[in-house]
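Hello,

Here is the structure I promised to pass on to you. Have a look at it first, and then read my notes below.

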Amino acid sequence: PTYLTMGIVGQSSWLWNAATADPRALRRPDGTRVASTLYNNDGDSFSIDLKFTDALAHRVSAYLLDWDHVNRVQMIQLIDADTGEILDTQTASNFGAGKYLSWNLIGHVQLRVTNLVPSANAVISGLFFG
């Protein structure tokens, strides 16, 4: 979108399955499904920087998927990127079937995704804007 600039720091991408019928996987415009994710590559966290360039509120939803069922537990913090103030904190677990978290956002914010268990990593499989 023209009202948004976005950057991602401290992450890698992973493709679990390029073509699957599993309904947990996100659907592409052509109808096929893909199971993939952004994940933290440092064992701790990654951040998604969102800067909305208009003065309107935008619905943003993150899709979390523990595709390989490693019992991920992660914290998602919404941070005012200009002041560092934490605006919202949510903990996600048991998202092997997929889970959406949503916010109405304005201005410059960061989503910080942090792994909370030693045997897994933090993941986001999709980010959607309304």
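Two strands pair if DSSP finds at least two bridges between them, and strands (E, at least two residues) and helices (H or I, at least four residues) are DSSP runs, numbered from the N terminus. Please keep in mind that this is a predicted model, where local features need pLDDT of at least 70, side-chain atom pairs count only at pLDDT 80 or more, and totals for chains, interfaces and linings use all residues. Residues are numbered from 1 along each chain as its sequence is written, and side-chain values use heavy atoms, with hydrogens and water left out.

Let's begin with strand β5. Glycine 7 has aspartate 49 in β5 as its bridge partner. Strand β1 (residues 4–9) runs antiparallel to β5, and six bridges pair them. β5 is also joined to strand β10 (residues 108–115), again antiparallel, by seven bridges; here phenylalanine 46 has valine 113 in β10 as its bridge partner.

Next come the aromatic rings. A search of the whole structure finds three aromatic pairs, meaning rings of Phe, Tyr and Trp (its six-membered ring) with centres within 6.5 Å; planes under 30 degrees apart count as stacked, over 60 as edge-to-face and the rest as tilted. Tryptophan 16 and tryptophan 67 are stacked, because their ring centres are 6.4 Å apart and their planes are at 15°. This pair links distant parts of the chain, 51 residues apart: tryptophan 16 is in strand β2 (residues 11–20), and tryptophan 67 is in the loop between β6 (58–64) and β7 (73–80). Tryptophan 67 counts as buried, at 14% relative accessibility.

Tyrosine 100 and phenylalanine 128 form a tilted pair, with 6.2 Å from centre to centre and 50° between the planes. Tyrosine 100 belongs to strand β9 (residues 99–105) and phenylalanine 128 to strand β12 (residues 126–129), so the pair ties together parts that are 28 residues apart in sequence. Phenylalanine 128 counts as partly exposed, at 37% relative accessibility. Ring pairs link Tyr63, Tyr100 and Phe128 into a cluster.

Finally, find the open sheet of three strands, with the order β9-β6-β12 and antiparallel pairing. Its edge strands are β9 and β12, each pairing on one side only. Four bridges pair β6 with β12, and serine 61 stands opposite phenylalanine 128 in β12.

Enjoy exploring!

Definitions and conventions: Buried < 20%, exposed > 50% of the residue type's maximum accessible area, 1.4 Å probe, protein only.
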